[in-house]
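Let's take a walk through this structure together, one part at a time. Have the sequence and the 3D view open as you read.

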Amino acid sequence: MKQILTLLLLLLCCHASAGEIVVREGGNIHEALRQAREWRRTGDARCEGGITIRLEAGRYYMQEPLFLRPEDSGTAESPTVIRGSRQTVICGDAQQRHTQRWPQTGMARLTDFNPAERTITIPTPPDSILNAKGLEMVVHQRWAIAILRVKTMQARGTHTVVTFEEPESRLEFEHPWPQPVIGGPKGNSSFLLRTTEQRDGAEQLVVADGANYVRFEGLVFEHTCWNRPLHKGHVTLQGGFPLIDAYKLTENEGLPWDSSLENQAWVERPVSAVTIRNACHIDFHDVLFRQLASTALDYADNVSDCTVSSCRFEHIGGTAIMAGSFAESPMEVHRPYTHLAERCQRINIHSNTIAHTSEEDWGAVAIALGYVRQCTVKSNDVRHTNYSGICIGWGWTPAYTGMEDNRIVDNKVYDYARQLYDAGGIYTLSNQPGSIISGNEIGQPYPAPYATNDRGFCIYLDARTDGFTIENNKTEGRMIRRDEIGDNHPGPNIIWRQ
């Protein structure tokens with residue numbers, strides 16, 4: 001009897017017709033995907049011309065991610081389309097809520113940063129803060145933040161010495177870049193103390209691993225959490241990538257590919273609400289991503305020929321769109337790798353609106369492409385982000401790595417670098433022959449209130465950038481000047497045609 005009732009419920013909530021599976025609110029998306037898989041396995045005639053899983057208006061809570069596997073693949077002639085409306089919401093848990101405890105508003109300046117003793121000294125807060133439990137310290141570190149779980153606070157008159165939990169204490173004090181600034185041109189780095197009320201929640205909504213020819217249309221992805229800082233803190237290298245091991249070379253500094261290299265780092269990829277791996281032709285059109293606590297959409301590894309078009313990204317905790325390898329562990333990030341760019345190629349990101357990203361991790365960006373080739377970022381509108389806007393490249397190397405023929409064209413980037421500096425509206429790294437930055441409209445960097453330097457640029461050609469043609473980019477109705485471009489040891493093959 002229980003099996004019969006379950007079957008009847010599925011029939012009521014998930015109805016199949018020729019080439020289409022309709023899921024009503026309260027229905028099971030996993031079961032709908034399984035039905036489509038069975039049609040393909042058995043060569044059902046309903047596969048002809050493609051299968052559409054149509055989600056009717058309603059909220060679909062994901063206790064586990066929707067997994068798409070090789071068996072869920074469509075073909076060019078028979079794709080799988082998962083379609084909804086603006087009232088179709090695939091959701092997880094609401095984001096963790098933070099309460100700033102001290103200072104009451106804004107940030108305060110550090111007094112001292114001591115790597116030898118692994119302490120940070122701050123002005124002494126009120127007794128209620130000194131005795132509080134479960135505090136996190138968020139530290140401003142030029143192009144990144146650190147989230148450090150407080151272990152002890154020892155008041156010494158007007159100053160208080162703070163220690164932190166592991167592993168973030170080791171990572172924060174052993175790795176040299178970035179660290180807080182003491183005595184910089186614009187003063188010391190800043191901090192705030194807060195608590196996080198909600199504990200672990202759902203972080204992922206969709207994982208496509210090995211599936212091809214799948215298209216998402218007209219859906220809303222909403223509400224995921226970011227659990228890592230609750231258990232490990234969050235110390236990053238750049239772009240929101242958490243360090244899992246890091247230290248400074250203290251003897252015979254340098255390595256064969258970089259004689260001045262002093263830092264070693266291994267990172268992991270931030271968690272994402274929607275993750276694509278080992279796939280081609282996984283496309284998103286007219287999809288709304290909102291209130292997602294870490295990365296929204298990630299083409300993580302071994303992906304090609306995918307398109308993100310006419311989508312909106314709003315109030316994203318980390319990066320809105322990420323693609324390509326960033327030399328995650330077990331690779332050390334500063335080596336010049338030659339096999340990674342071919343694992344992410346021909347990703348087309350166009351005509352999207354991206355606003356209010358990096359709200360949880362200020363060091364994340366709007367669009368982040370790592371080791372990629374033949375990728376296009378075109379006609380996107382990017383606004384309100386705390387670090388850089390559109391970023392492409394990784395590796396800090398002048399060597400040829402396979403990154404080539406990338407195009408950043410006709411985008412609008414405004415209101416960036418709201419909290420962190422060493423930033424650019426468009427930001428590049430390393431040698432990318434045949435690449436283009438053209439026709440973009442870029443505003444001036446926001447006057448970030450806690451920056452310890454003035455390194456914010458419309459276009460930032462950071463470490464060893466080379467191989468780009470830069471032409472016809474504008475700000476405020478005029479061509480961008482050279483003094484609005486940050487040149488940090490650029491290579492000899494940059495073509496400037498402004």
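Two strands count as paired if DSSP finds at least two bridges between them. Helices (H or I, at least four residues) and strands (E, at least two) are themselves DSSP runs, numbered from the N terminus. Keep in mind that this is a predicted model, where local features need pLDDT of at least 70 and side-chain atom pairs count only at pLDDT 80 or more, while totals for chains, interfaces and linings use all residues. Residues are numbered from 1 along each chain as its sequence is written, and side-chain values use heavy atoms, with hydrogens and water left out.

Let's begin with strand S7 (residues 88-91). On one side, S7 pairs with strand S4 (residues 58-61) in the parallel sense, over four bridges; here arginine 59 has valine 89 in S7 as its bridge partner. S7 also runs parallel to strand S18 (residues 220-224), joined to it by three bridges, and cysteine 91 is partnered with glutamate 222 of S18.

Next up is helix H2 (residues 29-41). Buried in H2 are Ile29, Ala32, Leu33, Ala36, Trp39 and Arg40. They cover an arc of only 115 degrees around the axis, so they sit on the same side of H2. That arc is taken from the directions from the helix axis to the C-beta atoms. Just after H2, glycine 43 takes a positive phi of about 65 degrees.

Now for the nonpolar core, a set of buried Ala, Val, Leu, Ile, Met, Phe, Trp, Tyr and Cys residues joined through side-chain atoms within 4.5 Å. The largest one has 139 residues, and Phe216, Phe221, Phe284, Phe289 and Phe313 have the most contacts inside it. Strand S13 (residues 144-156) gives the most to this core, with seven residues.

Finally, find asparagine 380 in the loop between strand S31 (376-378) and strand S32 (381-383). Is asparagine 380 buried or exposed? Asparagine 380 is buried, with a relative accessible area of 1%. Leaving aside neighbours within four places in sequence, its contacts (heavy atoms within 4.5 Å) include Ile349, His350 and Asp410.

Definitions and conventions
Buried < 20%, exposed > 50% of the residue type's maximum accessible area, 1.4 Å probe, protein only.
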